[in-house]
Structure formats: C-alpha cells, structure tokens
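Grab the model and work through these exercises with it open. Try each task before reading its solution.

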Amino acid sequence: MLKLENVRKQYPNFQLDCSLEVKDGCVTGLIGQNGAGKTTTFKSILNLIYPEGGRIVLFGKDVRQMTPQDKAQVGVVLSESGFYDGLNPRQISKVMGKMYENFSEQEFLEFCRRFELPLDKKIRDYSTGMRVKLKVLCAFAHHPKFLILDEPTAGLDVVAREEILDMLREYMEEGEQSILISSHISSDLEGFCDDLYLIQEGKIVLHEETDVLLSEYALLKVSEEQYRDLEKQYLLYRKKENYGYSCLTREKQFYLENYPKIVVEAGSVDKVMMMVVKGERI
C-alpha cells in the first residue's frame with residue numbers, strides 16, 4: 001500500500017530520515033514524542049512538503065506522479081486541518097459531493113445521525129469530540145483505500161475515543177483498506193494497530209508487530225547486584241533508577257524462567273517508548 005525508503009527532509013534544527021511500510025489490509029501506528037517527526041512524515045506522504053531525498057510509493061506509484069483519481073483514494077485527518085467552522089454537515093456534504101466521485105451524501109448524513117452529529121448545527125458550536133468525529137467521517141465517507149490519521153483521538157474522553165475507533169474498525173472491515181495512524185494514547189494503538197514504528201529525532205528506531213510487543217517484550221526491574229548477575233545478551237536498553245536499573249528485553253519468557261526473583265513487567269507501548277527514548281542502548 002505505502003512504502004517510504006530513506007525519505008529525507010532537512011530543517012535548520014531537525015532532519016527526517018525515515019523508512020517504513022504499510023501493508024495492504026493493515027493498520028500501522030507511528031509513535032514518538034512531540035517533534036520526533038510524525039507530522040513531517042505525514043506531510044511528506046501527502047506532498048505538502050517536499051523531501052530532499054528518498055522515495056515514497058503509494059498504490060504502486062511515486063506520490064509525485066499520482067493523478068487526481070489516485071489522490072481521491074486517500075482520506076486524511078491532520079490535527080490542524082478542518083472545514084470552515086461556519087458550515088454545518090449538510091453544507092459540508094454538498095462540498096464533499098463536488099470533490100469526490102464516490103461520495104454519497106445520503107450515506108454521510110446517515111453516519112452523522114448515527115454518531116449524533118446535528119445536521120444543521122455549525123461546526124463552531126460542536127464539542128471537541130463532535131468535531132473530531134466529523135473530521136474522521138469526512139476522511140472515509142468517499143470510500144478511500146488508505147487513511148492517514150494524525151492524532152485523531154487527541155483531546156477526547158474515553159467514550160468519544162472508543163466511538164472513533166469503532167468507526168475506523170468498521171472502515172477496515174470493508175476490504176483491503178489500510179491505515180497509518182499516530183496517537184499519544186497507547187491504549188488506542190495497542191488494541192487497534194497490527195504493527196508499530198517508533199520514530200525518534202527523525203529516525204525510525206524500532207519496528208515491531210503489536211502482538212509481539214505486548215507478549216514478548218518486558219521491563220525488568222533489578223537491583224545493582226541483580227543487574228551484575230543478569231544475562232545481558234537479551235537486553236535492548238537500560239535506564240539507571242534509584243533502586244538499580246530498569247531494562248528492556250524482547251525475551252520476557254527467558255527472564256521469567258531463569259530469574260524468578262526479579263520483577264518482570266509485561267511490555268506496553270508506553271514502557272517500550274520510554275525505555276527507547278530515555279534509556280541507554282546496550
């Protein structure tokens with residue numbers, strides 16, 4: 001579906017050098033701190049900025065050679081984008097109908113009713129959650145093959161986030177569509193993404209299937225003495241703590257079986273990201 005090969009973009013205080021792939025029918029998450037390069041990556045894919053090197057291929061084509069018909073197969077939610085807030089959903093549906101051949105006004109308005117979005121109420125009078133739901137609806141209402149979602153659940157409460165994710169799960173059930181999504185909310189990604197890329201200072205520093213990250217990664221918490229006696233072959237990162245060290249491993253079962261006295265915590269997106277970003281590579 002999408003492939004980035006050594007995509008480079010230089011700014012005065014930042015350089016992107018990114019390679020990643022989103023496979024057909026998969027949801028891929030891009031995680032990292034603010035300023036790590038997530039939005040720059042998305043904008044490069046969308047030709048909103050122009051990389052100095054590398055290659056971006058979407059639907060088997062270089063993105064610079066995509067036709068208007070190809071671009072219509074992409075749905076986008078960017079954190080700073082949106083419609084004029086003086087419009088209401090009925091008016092937006094008219095605009096979308098002019099833009100996309102596969103857009104169904106009736107279907108869009110039915111979705112709005114289902115997700116409790118008042119059809120005659122202006123966007124400026126919507127709550128934060130309602131605005132986000134409307135943006136996501138607009139992204140997939142024209143049945144695109146690929147969605148790019150930059151922090152689509154930011155600022156939402158638990159109920160609203162789950163509604164957004166339910167919308168996206170339904171979208172993925174339609175066929176061989178794919179999604180590239182970023183989010184600061186790890187629980188959203190853990191239950192939704194097939195695989196995850198971690199970006200730090202413009203570079204991909206970790207790529208893993210989500211199921212593997214949750215089942216095989218672990219955080220070891222050990223004293224100074226325990227750390228000295230620890231088999232370090234399977235350690236990825238370590239971080240000095242008051243009690244000794246915290247260590248990241250991809251071999252949780254090995255340490256459970258061979259070191260029954262140490263603390264072994266199951267891996268999570270937050271724990272892995274914290275260790276990779278703040279820890280020391282071993």
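For sorting a lining by class, Ala, Val, Leu, Ile, Met, Phe, Trp, Tyr, Cys and Pro count as nonpolar, Asp, Glu, Lys and Arg as charged, and the others, Gly among them, as polar. Keep in mind that this is a predicted model.

**Exercise 1. Sort the lining of the largest cavity by class, and find which helices contribute to it.**

Start with the space itself: the volume of the largest cavity is about 50 Å³. Next, list what surrounds it: I31, G32, S183, H184, I185, S186, L189, V269, D270 and M273. Sorting these gives 5 nonpolar, 4 polar and 1 charged residues. Now for the helices: α7 (186-190) and α11 (269-278) each give at least two lining residues. The largest share, 3 residues, is from α11.

While you're on α11, have a look at K278, which sits in that helix. Leaving out residues up to four places away in sequence, K278 touches Q33 and K239. K278 and K240 are 38 residues apart in sequence, yet their C-alpha atoms are 9.9 Å apart in space.

**Exercise 2. Work out where the buried residues of α4 sit around the helix axis, and what covers them.**

First pick out the buried residues of α4 (residues 105-114): F108, L109, F111 and C112. Then look down the axis: these residues fall within an arc of 155°, so they line one face of the helix. The background is simple: an α-helix has 3.6 residues a turn, so residues three or four places apart point the same way. Finally, check the cover, which includes α3 (89-99), α5 and α6 (158-172). Just past the end of α4, E116 has a positive phi of about 55°.

**Exercise 3. Find the second largest cavity and say which helix gives the largest share of its lining.**

The space here is about 40 Å³. Its lining is made up of E107, F108, F111, F140, A141, H143 and E174. Helix α4 provides the largest share, 3 residues. By class, the lining splits into 4 nonpolar, 1 polar and 2 charged residues. As a check on your search, the whole structure has 2 cavities of 30 Å³ or more.

**Exercise 4. Locate the residues that touch the most other members of the largest nonpolar core.**

The core has 55 residues, and the ones to look for are F108, L134, L137, L168 and I179. The largest share of this core, 8 residues, belongs to helix α5 (residues 128-140). Now zoom in on I179: beyond four places away in sequence, its contacts are V22, C26, V27, T28, F146, L147, L149, L168, Y171, M172 and F192. There is also a second, separate core of 24 residues, with L16, L20, I45 and L78 among them.

**Exercise 5. Describe the lining of the largest pocket: which residues are closest to its centre, and which element supplies the largest share?**

Begin with the volume, about 800 Å³. Of the 34 lining residues, V76, V77, L78, S81 and G82 are the closest to the centre. Then go element by element: β6 (74-77), α3, α5 and β7 (146-150) each supply at least two residues. The largest share, 7 residues, comes from α5.

Key
Residues numbered from 1 in each chain as written. Predicted model: local features only at pLDDT ≥ 70, side-chain atom pairs only at ≥ 80, totals over all residues. Heavy atoms only, no water. Core = buried A, V, L, I, M, F, W, Y, C linked by side-chain atoms within 4.5 Å. Buried < 20%, exposed > 50% of the residue type's maximum accessible area, 1.4 Å probe, protein only. Helix = DSSP H or I, 4+ residues; strand = E, 2+ residues; numbered from the N terminus. Contact = heavy atoms within 4.5 Å. Arc of directions from axis to C-beta. 1 Å grid on protein atoms, 1.4 Å probe; cavity = no way out; pocket = protein on both sides within 12 Å on 5 of 7 lines; lining within 4 Å. Points joined across faces, edges and corners; volume = space filled by probe spheres on them.
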